Amino acid sequence: MTERTERPGLLVLAPLAVEARAVRRALPHIRVERTGMGPKRAARAAEAAKGTPAGAVAVAGVCGALDPTLRPGDVVVASEVRGPDRTVAIPGAGLLVAALRRLGIDARLGPMVSVPHLVSRQERAELAATGALAVDMESAWLAPAAGDRPFAVLRVVVDTPDRELKQVLATATGGVTGLRALRTAAPALASWAEAAGSRTVLLASPRSFCAGVERAIEIVERALDRYGPPVYVRKQIVHNVHVVRDLERRGAIFVDALDEVPEEALVVFSAHGVSPQVRHEARERSLKVIDATCPLVTKVHTEAKRFARAGYTIVLVGHEGHEEVEGTTGEAPEAIRLIERADQIDDLDLDGGPVAYLTQTTLAVDEVTDVVEALRDKFPHLTGPGSDDICYATSNRQDAVKVLARESDLMLVIGSGNSSNSKRLVEVSAREGCPAWLVDDETEIDPAWLVGARTVTVTAGASAPEVLVDRVVAALRGLGPVEVQEREVIDENVQFTLPIELRRR
Ligand code: SF4
């Protein structure tokens with residue numbers, strides 16, 4: 001963790017006097033320059049601003065909506081600015097979205113187009129068709145002011161495709177909604193700018209997809225290719241919102257229960273496994289089933305059946321309500337007692353017979369060790385599984401986090417809120433003394449976490465795609481120079497075979 005020299009402060013460029021006034025009222029200690037309306041004035045102002053000492057530069061003002069779902073007062077953050085000659089990418093824009101969310105503002109992130117004139121209704125429709133969210137007349141010409149400094153564009157909608165600027169200005173309250181929203185949103189720019197600076201980013205390895213998740217996703221993809229959409233999937237195939245959305249776009253339909261699947265349709269069981277009761281229901285309804293249960297979850301099911309047949313009471317260590325726990329419990333409901341923590345052991349309802357334990361595959365290794373030790377204290381003849389139930393992917397990712405947490409100021413764990421193994425990574429890091437946050441993607445990284453964090457480790461839970469790691473690193477680069485170090489703590493090379501019916505493309 002090296003000391004670095006930081007450049008000070010934020011410079012806000014606001015084209016119109018009313019916009020500059022709104023931002024100044026919100027940010028009295030920030031330098032705000034009124035740059036003038038339109039490309040020529042913007043280009044001149046950008047040239048002048050290049051020499052202004054500031055650690056970050058932002059454009060703030062109003063805009064016209066292109067996306068018909070935007071309403072007056074909605075905040076738009078530009079992911080890129082498209083000008084007549086070039087497009088300026090803004091990789092750190094997601095962090096500004098997160099700062100706005102902290103203020104209770106649900107901003108839209110997307111491309112902003114800059115044009116040299118007020119747009120006609122026809123032109124607005126044409127620009128909307130390119131996928132741009134909003135239009136303005138300055139951002140593309142103001143962007144060069146940033147040079148190599150972090151850059152952001154925050155605009156508030158005043159006119160929309162069904163209520164154009166002429167109509168807005170003709171009313172007494174024209175633009176007031178937009179300017180009020182601009183004043184409310186402006187403090188997010190200061191939070192974003194405070195996080196600007198250079199950093200070292202350690203990429204924890206292994207991270208991201210495990211063999212069970214890769215297999216489950218490939219099963220759905222191949223089923224879609226082979227049988228065509230729709231392919232029904234019981235529960236989220238893996239616990240990640242991006243993976244689920246992507247497969248939905250390709251034709252997968254995710255359901256919570258089998259009664260939502262039409263008779264005789266194709267259904268995939270998720271990586272977390274199902275109970276025998278669910279399999280029975282699928283047979284009753286003549287569903288065609290492809291099973292994406294991870295082989296390491298199947299191993300736990302097999303152990304549960306074996307212990308139950310041998311007359312053991314099984315203490316299952318896991319989280320109540322988790323799909324994997326529900327599936328395992330369903331294999332031997334009479335024999336299984338679920339606990340989450342050691343302090344629940346004394347309340348266990350046992351009949352004095354032999355006791356075995358099993359665990360959910362995605363728990364924290366250290367915590368489970370403590371619970372098993374406590375179980376062994378109470379039941380000296382306790383029997384366990386042949387090999388650890390906590391899977392290789394869970395323990396490898398935790399080991400990597402443990403090592404890198406000791407070198408880091410901050411740990412960013414990419415994963416969804418319902419991903420057990422991702423949440424455990426956050427806890428492992430915190431136990432090592434490194435503050436950690438779980439984020440679905442870069443738009444959930446609060447810039448306040450990054451203030452003073454010079455060494456940041458980025459990891460991803462076993463269900464989070466690697467592309468999200470790239471996006472997070474790009475967002476951090478948007479705040480200043482980043483030195484990326486790939487840090488392999490454990491070599492991981494596990495693969496599982498696909499179900500036989502899907503092996504050949
Ligand atoms: S985290 Fe472990 S148990 Fe879960 S799908 Fe991956 S390999 Fe299988």
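Mentor: Buried means under 20% relative accessible area. This is a predicted model. By that cut-off, buried residues make up 55% of the 505 residues in the protein.

Trainee: Why is Asn240 called buried?

Mentor: Its relative accessible area is 0%. The cut-off is under 20%, so Asn240 counts as buried.

Trainee: Where is Asn240 placed?

Mentor: In the loop between strand E10 (231-234) and helix H10 (241-250).

Trainee: Which residues is Asn240 in contact with, leaving aside its neighbours within four places in sequence?

Mentor: Gly415, Ser416, Asp440, Ser463, Ala464, Pro465 and Leu468. Contact means heavy atoms within 4.5 Å.

Trainee: Which residues make the contact between H7 and H8?

Mentor: Arg183, Thr184 and Ala185 of H7 meet Pro187, Ala188 and Leu189 of H8.

Trainee: Among contacts between residues at least 6 apart in sequence, what share joins residues at least 24 apart?

Mentor: The share is 76% in this protein.

Trainee: How many positive and negative side chains does the protein have?

Mentor: There are 60 positive and 71 negative ones. Lys and Arg count as positive, Asp and Glu as negative. The centres of the two sets lie 7 Å apart.

Methods
Residues are numbered from 1 along each chain as its sequence is written. This is a predicted model: local features need pLDDT of at least 70, side-chain atom pairs count only at pLDDT 80 or more; totals for chains, interfaces and linings use all residues. Side-chain values use heavy atoms; hydrogens and water are left out. Buried means under 20% relative accessible area, exposed over 50%, partly exposed in between (1.4 Å probe, protein chains only). The place of a charge is taken as NZ of Lys, CZ of Arg, CG of Asp or CD of Glu. Helices (H or I, at least four residues) and strands (E, at least two) are DSSP runs, numbered from the N terminus.
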